Structure formats: C-alpha cells, structure tokens
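I am opening my notebook on a new protein model.

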Amino acid sequence: MVETLQKEVDMLRTLHKQEAQRKEGLDLVGNQRSHIGAGGGSSDRRFGATGVFLPTTPKHVIQAHPIEATSVRYDGTGLDLIATGSSDSTVKVWDTNNGQVKATLRGGSGHPMLGVDLSGGLVVGCGADKTCRVWNIRTQRMIHQLAGHSTKVTCVRLLNNEKGVITGSADRSIKVWDISRSTYKQTTTFRHSSTSNCMDVSLDSLTVFSGHMDGGIRLWDVRSGKRVLDVLSMHEGGVTSVQCHPMNGNQILTNGRDSVLRVVDVRTCTAVQSLGHEDFRTAFNYSSCGISPDGAYALAGSGTTGEVFVWGLTDGKVKKKLKAHNVGVGGVAWGRGGSNGQQVATVDRNGVLMLWA
C-alpha cells in the first residue's frame with residue numbers, strides 16, 4: 001500500500017515538473033515571438049527580389065566534392081553565397097549566380113565535415129576531428145579552431161550577428177562560443193542524455209532548438225543556459241534536422257529517421273502536420289530538411305532514390321517530386337534568394353551540388 005502511494009506521489013511530481021518546464025518553454029517562445037513581431041532580429045531575414053518559387057529544374061549542376069557531400073547552407077545575410085561540407089574534409093563556398101567556387105577551406109585531414117553555416121563574411125565547419133573551424137570568407141584564413149568537445153561535432157550554427165557559434169556533439173553536449181574577440185571563449189554548455197545531430201537558432205539568437213537520436217526535441221535558453229522544454233518521442237527514430245519556421249515563432253520543422261517530416265507546435269508539444277511519401281526515405285543521420293521563406297512549403301531529399309520532394313504545409317500534400325540526382329540526397333537548403341532569386345540547393349552522396357531554378 002505504501003509503495004503504491006509513493007509511486008503515485010513520484011508520478012505526480014514528475015508530471016508537475018514536466019508541466020512547469022512546458023510553461024516556461026511557452027513563455028520563452030512567446031517572448032521570442034513578441035520580439036520578432038516588434039521587428040527585432042528579423043530585419044535581415046528577407047527573401048530575394050523574385051519572392052518564393054517552387055524548384056523545377058537544376059540551374060547549375062556542380063561536382064562540388066569528389067565524395068559524399070554531407071551538408072549545404074545558404075548565407076544568412078542574403079548574399080548570393082552557399083556553403084557545402086563533405087567527407088573529403090573540406091568546406092567550399094559557391095557563388096549562386098554562376099556556380100563558381102569562391103573558397104576552398106580545409107579541415108582535419110581524413111575527418112569528414114558534418115555541418116556548415118555562413119553569414120556576415122564568416123563560414124564555420126564542424127567535423128569528426130572534435131573541433132569546429134571559423135574562417136574569413138574573403139581572406140580564406142582560419143581565425144578560430146574551437147576545441148572542447150570530446151567526440152565528433154555533428155552540427156553548428158552562427159548566432160548573435162556572427163559574434164557567437166553554437167555546436168552540438170556526439171559527447172551529448174551543446175556548447176556556446178564567443179568569437180567576438182581575437183581569442184575565442186567557451187561560455188555555456190548544455191548537457192543532455194542523447195546525441196544531437198541537428199539544431200537551429202531562433203531569429204533573435206536567444207533560443208536553441210536541438211534534435212536528438214532518442215527522437216526528442218529540446219529547447220534551450222542561451223541567456224540562462226537552461227533547458228526549458230522537452231518534446232519527447234516526436235520521431236520513432238533519431239531526429240536528423242530541425243528548422244525554425246520563418247513566419248511562426250511557435251513552430252519548427254523536423255526530419256527523422258522514421259522518414260517523416262513534422263511541423264511541431266512547441267506550445268502544445270504536438271505535431272500539427274506530418275509529411276511523407278512511399279518513395280521518400282531519410283537514410284542518413286545528417287539528412288536535412290528546408291522550409292520556404294514564406295513558410296508555405298517544406299523540402300527534403302530521399303536518401304535512397306535521390307528524388308527531391310516539396311510538400312505544401314497547408315494540406316500536407318506533395319507538390320513536387322523532382323528527379324535529377326542519380327544517388328541519395330542528404331543535404332538540402334531553402335534560402336531567401338539573395339539578389340538573383342536562386343534559393344533551393346541539394347547535395348548527394350556523389351558530392352554533386354544542384355542549384356535549382
């Protein structure tokens with residue numbers, strides 16, 4: 001009898017704690033949304049001159065790397081630049097106008113690059129050598145090599161107007177780095193129980209959304225260094241990609257090893273839309289997803305067939321099924337378009353980069 005009562009008390013305490021975390025997370029997201037609505041942090045996130053378009057055909061087909069390309073990312077300030085990372089240990093920066101390479105940046109020899117980001121004249125790349133490198137795009141000079149993780153670094157984002165970097169690792173930690181001075185400083189460490197393969201940062205750089213191998217999503221407050229929300233078991237397999245919704249601070253888009261994309265409302269910790277197709281497979285732990293700048297469409301590539309899928313987020317239906325890659329696609333990106341309007345990119349296991357029109 002006593003044991004039964006104690007179990008009930010423990011369960012109630014756990015539920016109370018989870019509810020308190022959920023409310024704290026909702027307050028955080030609500031504050032974020034208010035901040036964005038007031039104009040803060042969103043002024044540099046605009047689409048290109050041509051608005052949003054659905055990809056139809058490759059504008060440029062580029063042999064970007066000799067082997068598997070793992071990641072692709074558009075410039076965060078809207079320039080006509082895109083970065084790719086590869087298992088060949090390099091990060092490359094490309095001009096989306098002509099498809100020409102502008103910089104080739106080398107990481108640790110023999111260590112795959114697993115994540116990239118670029119913004120404000122800087123590009124970052126993280127990889128299996130346990131570090132994250134920061135380069136100046138113009139000079140192609142490495143200005144920081146962030147060391148502190150004990151195993152491979154799986155994902156990276158620039159934040160706070162390129163004054164900071166956040167990294168996720170297989171050592172089950174997420175670290176925030178201050179790179180505003182000539183010597184970097186590791187400022188905050190978030191610890192968790194499951195490897196994070198992906199993350200994204202809110203428009204105001206105050207909230208981090210991380211996806212984990214246990215199928216869950218965590219929200220972190222950069223200022224306090226605290227975990228403010230757990231969204232448990234959102235995917236049956238690991239979460240491979242998290243993208244903030246560009247028009248709704250309460251929603252994120254995720255991709256998972258269960259080959260399903262989900263639009264998640266962090267206020268209710270539930271999926272409001274699930275996207276899939278019988279021919280779509282999420283085959284890699286680095287398989288990404290993208291969301292259009294107007295928040296109307298989602299994008300992902302199949303890791304088996306190489307087909308690229310576009311879904312409408314209103315009705316959840318497939319709007320495009322594009323066949324141009326000959327092998328599986330892992331990395332995708334949907335940018336704001338820059339000055340030329342080019343805004344969709346995909347990379348595959350043969351190292352091919354396609355810029356879509």
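**Core.** I looked up the largest nonpolar core first, and this core has 14 residues. Phe-209, Ile-217, Leu-219 and Ile-252 have the most contacts inside it. A nonpolar core here is a set of buried Ala, Val, Leu, Ile, Met, Phe, Trp, Tyr and Cys residues joined through side-chain atoms within 4.5 Å. Three strands each supply at least two residues of this core: S16 (217-221), S17 (226-231) and S18 (239-244). I then listed what Ile-252 touches, leaving out residues up to four places away in sequence. Among them are Phe-209, Ile-217, Val-242, Cys-244 and Val-264. A contact means heavy atoms within 4.5 Å.

**Ground rules.** I note that this is a predicted model, where local features need pLDDT of at least 70 and side-chain atom pairs count only at pLDDT 80 or more, while totals for chains, interfaces and linings use all residues. Residues are numbered from 1 along each chain as its sequence is written, and side-chain values use heavy atoms, with hydrogens and water left out.

**Confidence.** pLDDT is the predictor's confidence in each residue, from 0 to 100. The protein's mean is 89, and 86% of its residues reach 70 or more. Over residues 11-19 the pLDDT is below 50, and this stretch has 1 contact beyond near neighbours in sequence. Residues 32-49 are also below 50. That stretch has 31 contacts beyond near neighbours in sequence.

**Whole protein.** I found 1 helix and 28 strands. Both are DSSP runs, numbered from the N terminus: helices are H or I with at least four residues, strands are E with at least two. Of the 357 residues, 57% count as buried. Buried means under 20% relative accessible area, exposed over 50%, and partly exposed in between (1.4 Å probe, protein chains only).

**Sheet.** What is the strand order in the open sheet of 4 strands? The order is S22-S23-S24-S25, with antiparallel pairing. Two strands pair if DSSP finds at least two bridges between them. The edge strands, S22 (290-291) and S25 (318-322), each pair on one side only. S22 is joined to S23 (297-301) by 2 bridges. Gly-290 stands opposite Leu-299 in S23.

Asn-161 is exposed, with a relative accessible area of 58%.
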